[in-house]
Amino acid sequence: MGRVEGKVAIVTGGASGLGAADARALAAEGAAVIVTDLDVAKGEALAAEIGAEFFEQDVSDEPSWVRLIEQTVARHGGLDILVNNAGIAIIADIAGTTTEIWRRTLAVHLDGAFFGCHHALPAMAASGGGSLINMSSTAALVGIGPYLAYSAAKGGIRSMTKSIAAYCRTQRNGVRCNSVHPGSIDTPMVHAALGGFGGPRPEGERFSDEVRRKLGLGEPADVGQLVLFLASDESKHISGAEMVIDNGDTVVQLSGPGGSG
Ligand SMILES: NC(=O)c1ccc[n+]([C@@H]2O[C@H](COP(=O)([O-])OP(=O)(O)OC[C@H]3O[C@@H](n4cnc5c(N)ncnc54)[C@H](O)[C@@H]3O)[C@@H](O)[C@H]2O)c1
């Protein structure tokens, strides 16, 4: 029996990186998966590979959410899991962040996750419960200087998640809501960021094991396994939690390598 057998899952930004790993993990454990993304070619290819459906979507567009949820419930009879994963990362600190960068970053991350939770929640509650999983970042916990808007958006996702969890608990609707906070993971987003800072780029899709170890990067499947756990009934008593997955990076930043201070 698969760990999410019989469940219906939507993964946004599922064409690449962490979303693709989440979609793979959920499909491998028996969920019916709907991958959404702006990138139609990559999204359709991934969906075909793992036996999922593809839905073209800009997560910052609210009407697309209404269509997506309606279509999912009509085809599958309900919705159990939503992974709000789609995201962009534009390098810009407080001095360099334009209004356009600020608004686009918040629109994709914060509007996208809000629209997703807002429109998925009634469908989940109607089928007796579900799991909302919001992809935040360690940027929400520490704030990254060169990523002003990104850090603000991820911080907003963190507290919005807790607010939704509190609401669901008081409503007793069976819906859980948690945020996931990865450190740096080996995906195209991080390849672009490292390149932007003059760092290495992978030769193919991924870095070699050696380079990944040297850079302290996690693998997309590491996050996929955490998302799978939060999606499954194995985590039925977990809601409102912030799940940090960074191999200790943030605790080292806070405590120092020697653990003092
Ligand atoms: N890779 C990391 O180290 C890391 C760390 C912490 C958090 N995250 C978060 O994980 C999520 C996935 O990041 P990734 O590293 O896999 O990036 P990625 O660039 O590999 O994948 C992001 C996907 O989102 C899609 N996307 C972008 N804007 C969209 C929109 N408006 N609507 C629909 N789809 C859209 C892209 O087309 C792409 O397929 C993001 O929210 C990111 O902020 C990543």
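## Accessibility of the paired residues

A residue counts as buried under 20% relative accessible area, as exposed over 50%, and as partly exposed in between. In this predicted model, F197 has a relative accessible area of 49% and is therefore partly exposed. Y147, at 8% relative accessibility, counts as buried.

## Aromatic pairs

Three aromatic pairs are found in a search of the whole structure. One of them joins Y147 and F197 in an edge-to-face arrangement, with 6.3 Å from centre to centre and 70° between the planes. This pair links distant parts of the chain, its members being 50 residues apart. Y147 sits in the loop between α5 (139–142) and α6 (148–171), and F197 in the loop between α7 (188–196) and α8 (209–215).

Y147 and F197 also belong to a cluster, linked by ring pairs, that includes Y150.

## Domains and their contact

The protein is divided into two parts: domain 1 covers 8–183 + 219–255, and domain 2 covers 184–217. Their C-alpha centres are 22 Å apart. Domain 1 gives 17 residues to the contact and domain 2 gives 13 residues.

About 1000 Å² is buried between domain 1 and domain 2, and 68% of this area lies on carbon and sulfur atoms.

## Polar links

Between domain 1 and domain 2 there are two salt bridges. Two residue pairs are in polar contact between these domains, both at pLDDT 80 or more. On the side of domain 1 that touches domain 2, the elements giving two or more residues are α1 (17–28) and α9 (220–231).

A salt bridge joins the side chains of E219 and R212, with an N to O distance of 3.6 Å.

Technical notes
Residues are numbered from 1 along each chain as its sequence is written. Side-chain values use heavy atoms; hydrogens and water are left out. Rings of Phe, Tyr and Trp (its six-membered ring) pair if their centres lie within 6.5 Å; planes under 30 degrees apart count as stacked, over 60 as edge-to-face and the rest as tilted. Helices (H or I, at least four residues) and strands (E, at least two) are DSSP runs, numbered from the N terminus. Buried means under 20% relative accessible area, exposed over 50%, partly exposed in between (1.4 Å probe, protein chains only). Domain bounds come from an automatic or database domain assignment. Contact means heavy atoms within 4.5 Å. Buried area is the accessible area (1.4 Å probe) that two parts lose on being put together, summed over both. A salt bridge is a side-chain nitrogen of Lys or Arg within 4 Å of a carboxyl oxygen of Asp or Glu. A polar contact is a pair of N or O atoms within 3.5 Å; within protein, one must be able to donate a hydrogen and the other to accept it, and residues adjacent in sequence count only if both atoms are side-chain atoms.
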